[in-house]
Amino acid sequence: MLPIKKKIIRYNYSGRNDEKIKYIVIHDTGNRARGADAEAHYRYFNSGNRGASAHYFVDDRSPSLTVRSDFFRFRGSEPLKNGHIIY
């Protein structure tokens, strides 16, 4: 198993209020451009208020945790408050 890099972003998340996680949702960014790896996505979301975020980004080398699982990630500048899901 590959180690998970912890690269926490500074924007677009809020507290989960102790709700238990029941599901994990995996998204494909669809970005096939050269250099569009997990590090590039981390840099993009950490460089300013994007109105969105994700818990993890994964490329062909390693996963990166960008929002801790005890926090909600944001979508459209609002926390996505289904407390049972990690996106």
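## Briefing on a predicted protein model

Val58 is found in strand β4. The model is predicted, so local features need pLDDT of at least 70 and side-chain atom pairs count only at pLDDT 80 or more, while totals for chains, interfaces and linings use all residues. Residues are numbered from 1 along each chain as its sequence is written, and side-chain values use heavy atoms, with hydrogens and water left out. The protein has one helix and eight strands.

**Overall make-up**

- The order of elements from the N terminus is β-β-β-α-β-β-β-β-β; helices (H or I, at least four residues) and strands (E, at least two) are DSSP runs, numbered from the N terminus.
- Of the 87 residues in the protein, 38% are buried; buried means under 20% relative accessible area, exposed over 50%, and partly exposed in between (1.4 Å probe, protein chains only).
- Contacts between residues at least 6 apart in sequence join residues at least 24 apart in 68% of cases, where a contact means heavy atoms within 4.5 Å.

**Salt bridges**

- The structure holds five salt bridges, each a side-chain nitrogen of Lys or Arg within 4 Å of a carboxyl oxygen of Asp or Glu.
- One of them joins the side chains of Glu39 and Lys7, at 3.0 Å from N to O.
- Glu39 is partly exposed at 27% relative accessibility, and Lys7 is partly exposed at 22%.
- Another salt bridge is formed by the side chains of Asp37 and Arg61, at 2.6 Å from N to O.
- This pair links distant parts of the chain, 24 residues apart: Asp37 is in the loop between β3 (23-24) and α1, and Arg61 is in the loop between β4 (56-58) and β5 (63-65).
- Asp37 counts as buried at 18% relative accessibility, whereas Arg61 counts as partly exposed at 49%.
- Arg61 also meets Asp59 in a salt bridge of 3.7 Å, N to O.
- Shared partners join the salt bridges of Asp37, Asp59, Asp60 and Arg61 into one network.

**Nonpolar core**

- The largest nonpolar core has eight residues, namely Ile9, Ala38, Tyr42, Phe45, Ala54, Phe57, Val67 and Phe71; such a core is a set of buried Ala, Val, Leu, Ile, Met, Phe, Trp, Tyr and Cys residues joined through side-chain atoms within 4.5 Å.
- Helix α1 gives the largest share of this core, three residues.
- Leaving aside residues up to four places away in sequence, Ile9 touches Tyr42, Phe45, Asn46, Ser53, Thr66 and Val67.

**Leu65**

- Leu65 is found in strand β5 and counts as buried at 9% relative accessibility.
- Residues up to four places away in sequence aside, Leu65 touches Ile4, Lys5, Lys6, Lys7, Ile8, His55 and Tyr56.
- Leu65 and Ala54 are 11 residues apart along the chain, and their C-alpha atoms are separated by 8.6 Å.

**Nonpolar surface patch**

- Ile4, Tyr56 and Val58 make a nonpolar surface patch of about 290 Å².
- Patches are made of residues with over 30% relative accessible area and no salt bridge, with like charges joined within 9 Å and nonpolar side chains (Val, Leu, Ile, Met, Phe, Trp, Tyr) within 5 Å.
- Val58 is exposed, with a relative accessible area of 62%.

Methods: Accessible areas come from the Shrake-Rupley method with a 1.4 Å probe; for residues, only the protein chains shown count as cover.
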